[in-house]
Amino acid sequence: LYIIYSLLKQNKRVIFITIDRNKKFIRDLFLKHDLYIKNFEKKNKLIFIDVYRKVIEKEDIEDIDCYIQSSIKHYKGDIVVISSLSATLDIFGDSNKTINFIQNWIMLSKKLKVNTISLFTNWPYKKVLINKIKSFFNTELELKLIEKQVILRTHFKITKIENKKRNNEAV
């Protein structure tokens, strides 16, 4: 999100293709991280292509492919964000057909001189599949998650009170 926001602040036009989440969820995610995108949307610098709706409606992958390709051509952004390739594989299967559609979206973006950022969670897919997807890109950024447990607040709870009058005792 921060990379996308940074690109928007550099006056880049970002086409955000949502496959596994609706665009409201993505908007809320930006807001959750204090990244305000409403003005970018108003200026057509951030355009959401809501493929998620089509997935929910069980549209055929061929129709979704046509929709994504026509959207990439129509909006002519500086950056195309595909969220998420792993969800695309999980939803439509990791068949050669799905892989070819993904490759077509990326190659079309390259042909139009548009950079592509694709989110991919490296689930335990076949090594051949992962290598094929990696071959579509010239740069790979691997994110590692380090989790820490943080105590946000401490609270006290009164579990017992004696109803006796006492003088000068600390409670």
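The chain exposes about 12700 Å², and carbon and sulfur atoms supply 51% of that area; accessible areas here come from the Shrake-Rupley method with a 1.4 Å probe, and for residues only the protein chains shown count as cover. Please keep in mind that this is a predicted model, where local features need pLDDT of at least 70, side-chain atom pairs count only at pLDDT 80 or more, and totals for chains, interfaces and linings use all residues. Residues are numbered from 1 along each chain as its sequence is written, and side-chain values use heavy atoms, with hydrogens and water left out.

How much of the chain is buried? Buried residues make up 35% of the 171 residues, where buried means under 20% relative accessible area, exposed over 50%, and partly exposed in between, with a 1.4 Å probe and protein chains only. As for contacts, meaning heavy atoms within 4.5 Å, 77% of those with a separation of 6 or more are between residues 24 or more positions apart.

Now to the layout. There are eight helices and four strands, and from the N terminus they run α-β-α-α-β-α-α-β-α-α-β-α. Helices (H or I, at least four residues) and strands (E, at least two) are DSSP runs, numbered from the N terminus.

The four strands form an open sheet in the order β2-β1-β3-β4, with parallel pairing. At the edges sit β2 (46-50) and β4 (115-119), each pairing on one side only. Neighbouring strands are turned by 20° against each other on average, direction ignored. For pairing, DSSP has to find at least two bridges between two strands.

Let's stay with β1, residues 14-18, which runs parallel to β3, residues 79-83, and is joined to it by five bridges. Ile15, for instance, has Val80 of β3 as its bridge partner. Five bridges also join β1 to β2, again running parallel, and here Ile17 is partnered by Ile49.

In a regular strand, side chains alternate between the two faces of the sheet. In β1, Val14, Phe16 and Thr18 are on one side, Ile15 and Ile17 are on the other, and all of them are buried. Helix α1 (residues 2-9) lies across β1, β2, β3 and β4, running at about 150° to β1. Axes are lines fitted to C-alpha atoms, for helices over the stretch in contact, and angles run from 0 to 180 degrees between N-to-C directions.

On to the aromatics: the whole structure holds three aromatic pairs. Rings of Phe, Tyr and Trp (its six-membered ring) pair if their centres lie within 6.5 Å; planes under 30 degrees apart count as stacked, over 60 as edge-to-face and the rest as tilted. Tyr5 and Phe40 have ring centres 5.8 Å apart and planes at 90°, so this pair is edge-to-face. Because Tyr5 lies in helix α1 and Phe40 in helix α3 (residues 38-42), the pair ties together parts 35 residues apart in sequence. Tyr5 counts as buried at 16% relative accessibility, and Phe40 is buried at 16% too.

Finally, which ring does the charged end of Lys54 sit over? That would be Tyr67, at 4.4 Å from the ring centre; the criterion is NZ of Lys or CZ of Arg within 6 Å of the ring centre and within 35 degrees of the ring normal. Lys54 lies in helix α4 (residues 51-56) and is buried, with a relative accessible area of 11%. Not counting residues up to four places away in sequence, Lys54 touches Glu59, Ile64 and Tyr67. Elsewhere, Arg21 lies over the face of Phe25, 4.8 Å from the ring centre. Thanks, everyone!
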